[in-house]
Structures are given as C-alpha cells and as structure tokens.
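Me: I am new to this structure and would like a close look at a single part of it, the surroundings of the ligand. Please take me through that part slowly, in one connected answer.

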Amino acid sequence: MIYDYLIIGAGSAGSNIAYALKTAGKNVAIVDKEGIVCGASGAAGAFLSPLPGKKNSYNSLVNTALDFSLDFYENLLPESIIKKGVLRVPNNNFDETKLSTNELKCKHIHFENIDGYFYSNAAIVNPLKICNQLTRECDFFLKDAKKLVYKSGCYYLDELKAKNIILAQGVNSPLVSYPYVKISPVFGVRIDVKSSTKVPFNIHKSISVSANKEDGTIAIGATQQNHSLLDASCDTTCDKCPFYIDTLKQDIDSLLKQADELIKLENVEVVNVLKGARATIKSYFPILGKVIDYEASLKKYPSIKKGTKIPSELLEYYPNIYTINALGSRGFVFGPYLAKILKEHLLDDKKIPKEISLEKLFYKIARKET
Ligand SMILES: Cc1cc2nc3c(=O)[nH]c(=O)nc-3n(C[C@H](O)[C@H](O)[C@H](O)COP(=O)(O)OP(=O)(O)OC[C@H]3O[C@@H](n4cnc5c(N)ncnc54)[C@H](O)[C@@H]3O)c2cc1C
C-alpha cells in the first residue's frame with residue numbers, strides 16, 4: 001500500500017496532523033521511535049492558557065489557537081479536558097499592567113495569600129488520552145526513521161511507502177536539512193502530586209500548578225532550562241541522553257517550593273516525574289509548511305543573499321515534504337489549530353500565514369549570508 005501521508009513523530013504536532021488528514025479521508029501512517037506521546041508531549045502539563053497583554057501578532061495567534069483547541073478537545077474527547085480557568089499571578093515577565101491590559105476577559109481576585117487575574121478560558125488536558133485518540137484510526141509503526149529514499153514520485157522508509165512526508169520531530173534532528181530553522185531544546189520537568197488540598201483552578205506564575213485532574217492528582221510543571229551544550233542535537237529522550245544534566249532532585253524541590261508560594265498543598269506525595277525537551281525558535285512562533293531546500297534555492301538564485309526578491313513559488317522545495325514544529329511551550333494549544341492550517345494548505349491550497357511560514361525564516365537567514 002502507498003500511504004497518502006507518512007508522518008514522522010507522534011507527539012502533539014504529528015498526532016494532530018495525522019487526525020486532520022485521516023478525518024479528511026486520507027490514508028495516513030505515523031511512525032515514532034519511542035511510541036505515541038513519548039517526547040515533549042508526554043511530559044507536558046498540559047496547560048491551555050490565554051496569553052494576556054496588549055494585542056500583538058504572537059498573542060493573537062496563541063489566543064485564536066486557544067479558542068479553537070479548547071472546542072476541538074471538548075468535541076474530540078470531553079473526558080480528556082478539565083476547564084476550570086487559570087489564575088495568572090504577576091511575575092518578572094508578566095507584571096500587573098501586562099496581565100490587566102487586555103482584550104481578554106479577566107477578573108482581579110485575591111486567593112489565599114496571592115493576588116492575580118483570573119481567566120476562565122483555560123484548561124488542562126490529558127496528553128496520553130488525546131494523542132491515543134487522535135492516532136487511533138491511523139497505522140502506527142514503532143520505528144526510528146533514519147533515511148528517506150525518493151523514487152518515481154514516492155518516498156520509501158524501509159518497507160513503508162508514501163506520497164507525502166510530514167516531519168513532526170520536535171527537538172530531534174530533522175530527516176532533511178533546513179538550516180534556516182534553528183530549533184533550540186528547552187528542558188523542563190513536570191511532577192504529579194497527591195495532596196489533601198483541593199486546587200480549584202490552574203495557577204500560573206513562573207511555574208504552573210493545575211486544578212485536580214480526573215484521578216485527583218495535581219500537575220506542577222515548568223520548562224525553563226536551556227541546555228548548556230546548545231549545539232548538541234536531541235537524538236533521544238532526556239533519560240537516555242549522554243548530555244542530559246541531571247538536576248532532577250533540585251528541579252523537583254524547586255517546583256514544590258514555588259508551588260508552595262502559590263498555594264499551601266498539604267500532605268504532598270510526588271507520584272509521577274516526567275522530563276522532556278520542547279522545541280522553540282527565537283521568535284517563539286511555531287513553523288509550518290513545505291520544506292525549502294536551502295542549498296538548492298541559493299544555488300539557483302545566489303542573488304537572494306544580496307536581497308533580491310525572488311517569489312517563494314520559484315524557490316526549490318524538497319518534493320512533497322512538509323513540517324510542523326517549534327510549538328514551544330504551547331504544544332497543546334497550537335497542535336489542533338496548526339494541523340487545521342496545514343491540512344487546509346495541503347488539501348485546499350490555502351496560504352499559510354506569513355508569520356508561521358518557512359519562507360519568512362528562509363529569506364531572513366539567506367539574506368544574512370553574504
Ligand atoms: C515539562 C514540559 C511541560 C510542558 N508543559 C506544557 C503545557 O503546559 N502546555 C502546552 O501546551 N505545552 C507544554 N509543553 C510543550 C509541549 O509539550 C510541546 O510544545 C509539544 O509537546 C511539542 O510537540 P511535538 O509533537 O512538536 O514534539 P514531541 O512531543 O517531542 O514529538 C516529537 C516526536 O518525534 C519523534 N521522532 C523524532 N525524530 C524521529 C525519527 N527520526 N524517527 C521516529 N520518531 C522520531 C520523537 O520520538 C517524539 O516522540 C511542555 C513541555 C515540557 C517538556
């Protein structure tokens with residue numbers, strides 16, 4: 001059988017695009033070397049929160065994606081989402097003004113010993129349940145994809161054949177090179193704790209504390225550490241990585257201490273610890289679209305480096321290879337919305353918005369290279 005789409009990576013990005021294409025009637029296979037939702041997506045909180053502040057292109061994207069994704073999860077699997085809102089507590093990045101200067105509806109409240117702004121449009125979701133549901137109707141293969149072979153209009157990955165490839169590899173080295181997208185891994189830890197204290201809503205400052213989940217536990221998480229070896233690529237999960245700096249005990253203590261400043265959790269027992277690396281680019285925007293062949297495009301049009309404007313449709317692209325990546329700290333906010341945009345691009349030829357397109361990054365990096 002020749003699949004219409006073969007997706008590499010079964011995290012939030014890969015699972016969402018697999019679902020979008022499968023429900024549109026396409027033949028979809030998905031491969032992952034670790035299993036479904038074993039990368040960053042498995043470690044995620046997974047909090048879905050609005051991004052407050054004066055309106056700009058990034059928070060508009062986040063807040064549009066949030067509205068879409070909340071509805072999407074509620075329809076997909078209502079038992080996988082708990083929507084109790086979030087209390088945002090001012091910190092260094094988000095002071096009082098940023099939290100209250102908004103088009104978003106929020107309410108100033110005093111809770112226990114803290115003051116913050118309450119946004120009702122926020123939730124927590126269950127990554128495992130969601131990604132399993134999204135990929136249920138697709139063929140899944142546990143496989144480390146090493147090399148794609150392109151022959152007579154078809155891609156071969158060992159015994160699998162497909163017309164189109166979608167790379168949803170998170171922080172891992174991509175199967176084809178696109179050096180104009182500089183992905184950095186940002187590491188983080190999430191713990192699940194049991195406590196006799198009931199948490200009424202999510203609370204977010206520099207870390208996030210969730211409302212009680214369906215099993216009664218509370219998630220506490222943060223992703224903030226840049227790896228000290230910035231040029232090392234992520235080729236495996238943190239627990240198997242030779243470069244991983246094990247600060248787990250300090251990380252857990254720090255999460256518990258910071259959580260304690262937000263809400264007094266009594267009789268705490270840590271029942272689950274997960275760590276992972278999320279993929280982020282400098283601008284924080286996610287990226288989406290057909291993969292431009294950097295070398296071939298510059299060879300064809302060397303004057304791009306001097307600023308000549310070459311229309312994007314004339315650039316050289318890898319045939320039928322697409323990517324969806326750099327979901328940053330909002331993998332479960334962006335996942336369904338970006339999958340919708342990519343599906344509409346693939347099936348209905350709709351344009352990808354400039355700010356998340358690969359073309360924007362391509363021109364930026366190519367023009368720097370003189
Ligand atoms: C601790 C932590 C907390 C977070 N909290 C939140 C949160 O509260 N809310 C939120 O929205 N987001 C959160 N995030 C971010 C979110 O998890 C990520 O943005 C999102 O999961 C990224 O999804 P992805 O599919 O792009 O990557 P991943 O989930 O990392 O998936 C990529 C997959 O590709 C596979 N892969 C790569 N290369 C190959 C190959 N060659 N062959 C086979 N398989 C391959 C990997 O095994 C991996 O499973 C958090 C992240 C972390 C680490």
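Reply:

**The ligand and its surroundings**

In this predicted model, the domain assignment divides the protein chain into domain 1 (2–39 + 129–182 + 282–368) and domain 2 (84–125 + 186–277). The centres of domain 1 and domain 2, taken over C-alpha atoms, are separated by 29 Å, and 10 residues of domain 1 are in contact with 10 residues of domain 2. Both domain 1 and domain 2 give residues to the shell around the ligand, and therefore the ligand lies between them.

That shell can be described by its members. There are 34 residues around the ligand, and those that come nearest are Asp32, Ser41, Phe47, Gly328 and Phe332. Sorted by class, the shell is made up of 13 nonpolar, 15 polar and 6 charged residues.

An oxygen atom of the ligand lies 3.0 Å from a backbone N or O atom of alanine 13, while a nitrogen atom of the ligand is 3.0 Å from a polar backbone atom of serine 329. Phenylalanine 332, already named among the residues that come nearest, has a polar backbone atom 2.9 Å from an oxygen atom of the ligand. As for how much of the ligand is covered, the ligand taken alone exposes 1,000 Å², of which the protein buries 96%. The elements that give two or more residues to the shell are helix 1 (12–23), helix 2 (40–43), strand 13 (184–194) and helix 8 (331–348).

One of these elements, strand 13, can be followed to lysine 194, which is found in it. Lysine 194 has a relative accessibility of 45%, and so counts as partly exposed. Leaving out residues up to four places away in sequence, lysine 194 touches Thr217, Asn267, Val268, Glu269 and Val271.

Asparagine 102 counts as partly exposed because its relative accessibility is 21%, and, apart from neighbours within four places in sequence, asparagine 102 is in contact with Pro52, Gly53 and Tyr119. Between asparagine 102 and aspartate 158, which are 56 residues apart in sequence, the C-alpha to C-alpha separation in space is 51 Å.

Conventions:
Residues numbered from 1 in each chain as written. Predicted model: local features only at pLDDT ≥ 70, side-chain atom pairs only at ≥ 80, totals over all residues. Heavy atoms only, no water. Near = heavy atom within 4 Å. Polar contact = N/O pair within 3.5 Å; in protein donor to acceptor, adjacent residues only side chain to side chain. Areas by Shrake-Rupley, 256 points an atom, 1.4 Å probe, with all protein chains shown as cover. Helix = DSSP H or I, 4+ residues; strand = E, 2+ residues; numbered from the N terminus. Nonpolar A, V, L, I, M, F, W, Y, C, P; charged D, E, K, R; others polar. Domains from an automatic or database assignment. Buried < 20%, exposed > 50% of the residue type's maximum accessible area, 1.4 Å probe, protein only. Contact = heavy atoms within 4.5 Å.
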